[in-house]
Structures are given as C-alpha cells and as structure tokens.
Amino acid sequence: MANKPSTTEDEYFAREDAEKKRKIALDQQKKLAQAERDELKKLHYMHCPKCGMQLHTIRFRNIDIDRCFACHGTWLDKGELEKIVGHEKGGVMRSILNIFGKS
C-alpha cells in the first residue's frame, strides 16, 4: 500500500507547478512584447515622425543624419548632436545643447 502524500507535500508541489507556469507565462509575455516592438520598428523605421514620409540618410560633418525631404525635418540619433557640436567652438549649436541640459 502506497503512502498518501501529506497536505504539506501537495501544497509544495502545487506552488512549484504554479511557479513554473508563471515563468512560462512571463517568458511568453516577453517574447510577445519583443515581437510587438519588432513589428513597430518594421512599420516606423526610417519614416519621419512628423509627416510619416521616408527618411533619407545624408552625411553632415562625417556624421550620418536622417533627413525628410517632404517636411524638411532633420532627425538625429543619440549622441549625434553632441558630435556635431564637438566640431564647433561654441555658437548656436552649443546654445541648443544648453537648452536640452547638455553642456
């Protein structure tokens, strides 16, 4: 005759099973979130955030910047404005950086 598991054992295994299912659900949620981010990137990558038209990469002072020829917007990636300002000894670009809290 087999021994019946105690209530404590049943609770332990129920908690372990619930934790495994929680981790699986969390992993699925992360994958879904990544898939959604990837899909959004496909839809919006290299499109102007102002008018939605295609952005074109142009060289300016050895830096690739994104330019919209429809609305004439110019878009910079992280660190590109600082690189542009680094080429100047002050002036307008330095003032613009100061507005955004960079010096």
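Modeller: A salt bridge is a side-chain nitrogen of Lys or Arg within 4 Å of a carboxyl oxygen of Asp or Glu. This is a predicted model, in which local features need pLDDT of at least 70, side-chain atom pairs count only at pLDDT 80 or more, and totals for chains, interfaces and linings use all residues. Residues are numbered from 1 along each chain as its sequence is written, and side-chain values use heavy atoms, with hydrogens and water left out.

Biologist: How many salt bridges does a search of the whole structure find?

Modeller: The search finds four salt bridges. One of them joins Asp-17 to Lys-21, at 3.2 Å from N to O.

Biologist: Where do Asp-17 and Lys-21 lie relative to each other?

Modeller: They are four residues apart in helix α1 (residues 7-44), and therefore about one helical turn separates them. A helix here is a DSSP run of H or I with at least four residues, numbered from the N terminus.

Biologist: Buried or exposed, what is Lys-21?

Modeller: Lys-21 is exposed, at 54% relative accessibility, while Asp-17 is partly exposed at 36%. Buried means under 20% relative accessible area, exposed over 50%, and partly exposed in between (1.4 Å probe, protein chains only).

Biologist: Which residue forms a salt bridge with Glu-39?

Modeller: That is Lys-42, with the closest N and O atoms 3.6 Å apart. Glu-39 and Lys-42 are three residues apart in helix α1, again about one helical turn. Lys-42 is exposed at 63%, and Glu-39 is partly exposed at 40%.

Biologist: Changing topic, what about Asp-64 and Arg-59?

Modeller: Their side chains meet in a salt bridge at 2.9 Å, N to O. Asp-64 is partly exposed at 37% relative accessibility, and Arg-59 is exposed at 53%.

Conventions. Helices (H or I, at least four residues) and strands (E, at least two) are DSSP runs, numbered from the N terminus.
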